[in-house]
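These are my notebook entries on a few residues that I looked up. The structure comes before the entries.

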Amino acid sequence: VELSASVDEAFIDNISNYITGSFEYVLAEGPLWLTVGADGLISGTPPEDAVGSNGFDILLTSGGTVQHVLALTISVALDGVLMVDTNLDDDDTAAAQAELDGAGGVPGALGVLHDADGFSLREAIWLAGVVGGEDFIRFDQQASTWQSDTILLSTQLLISSSMEINGGDGVSINAGAQGFRVLEVDGGGAGADLDVVLKNLTVENGRIDKSTGRVDGAGIFNKENLRLVECMVRGNATTGGNANWAYGMGINNKGGTLHLERCRVTGNFGTLNRSVGGGIYASDGGTVRLVDSVVADNYTIGGTRSDKPGVWIEGSSALVMLNSSITGNSAYEASDAPGLFISESASAILISSVIARNRIGSSTAGAQDLTGSATLHHCLVSDDLVFGSGLTDGGGNITGASYASEVFDGSAENSGT
């Protein structure tokens, strides 16, 4: 038996309406918000954390003996929340539009859509843009149409309206290394006027071939106000034979505001000449904020000149780091800066953060962890820094390769997070 309910609205029904025969009813298992009477009366008010599919096992008894076990599913909707209930990358926007029309265009009535093969993330993103306003997308990982916590994309996802996507217990958005980026956040306007939040998601395996086009940001390309919370951006890459200049294999932030909180950007790489900002690249006055986050183990393979695989802050862009680290990033070319590069007109403030053990190939010898203008407060940098000429000592800093290696062991627990 499948029924529907809404958050914070009283729900009442009777199981006996769906059963042939006379029984007494006992709730054997299920969320605590529902009560079941012996006569089959079911009632309760679902809380917000009940959004999605709620499963109940109800015993049908006669004379004190269990005759049957009824599987009851109650799909709980929340006003403004779109529930993704399949990991398949379905793009049936016509079906989604039909659901919208049937609901009178009211987002609250769209909490659980009943597409035959499930309601996909791509359809939810599209529909959130159609209904307008700020919408919330969640995942019903208990639904019968949900088969895996990995969504394998058929082409990139485009977010062009304000929304929040929450992966709950964890969802991977995977481009499958098929030749396209994972996610673009761009409303098409001149400025950053959208607010987009991603939570508990992994963005991975985006691929951009620069020999076939001039796009960047294999994992995420952002031009809006984008906030990532407890997310992973990994395994994204830009390739292209002898092509030049790749910007931001993990994340390319072009004029937007990028905020990472308790996130990890790792294992992103470039294979062509002048691969820069392998983890994160910011340009056009964009702002990057790293809070309790790690940019680690991004790298370049081959190519020549300007292989900066960690973080590159370009032009008039700005970086703020708090309790974060840039570590273990590896450049191919021996004369380059594999850690944090801040261009001449950009700025950075680093507080209680670590920039250490970035490498040229497999060696830290000669590798620059920090290049450019920045103000440091209580930071650990394994370069032998000379403050002045753009570097400002805010106090409490530890610098120098020999001493830094003694107090920093490269672990996440010792990385400012």
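I call a residue buried under 20% relative accessible area, exposed over 50% and partly exposed in between (1.4 Å probe, protein chains only).

The model is predicted, with local features needing pLDDT of at least 70 and side-chain atom pairs pLDDT 80 or more, while totals for chains, interfaces and linings use all residues. Residues are numbered from 1 along each chain as its sequence is written, and side-chain values use heavy atoms, without hydrogens and water.

Entry on D186. I located D186 in the loop between strand 13 (183–185) and strand 14 (195–204); strands are DSSP runs of E, at least two residues, numbered from the N terminus. Setting aside residues up to four places away in sequence, D186 touches L158, I159, S160, L194, K223 and E224 (contact: heavy atoms within 4.5 Å).

Entry on R262. I noted a positive phi of about 55° for R262, although R262 is not a glycine. R262 sits in the loop between strand 22 (257–261) and strand 23 (264–266). R262 counts as partly exposed because its relative accessibility is 38%.

Entry on R357. I noted a positive phi of about 55° for R357, which is not a glycine. The loop that holds R357 runs between strand 36 (354–356) and strand 37 (359–360). With a relative accessible area of 35%, R357 is partly exposed.

Notes: Helix = DSSP H or I, 4+ residues; strand = E, 2+ residues; numbered from the N terminus.
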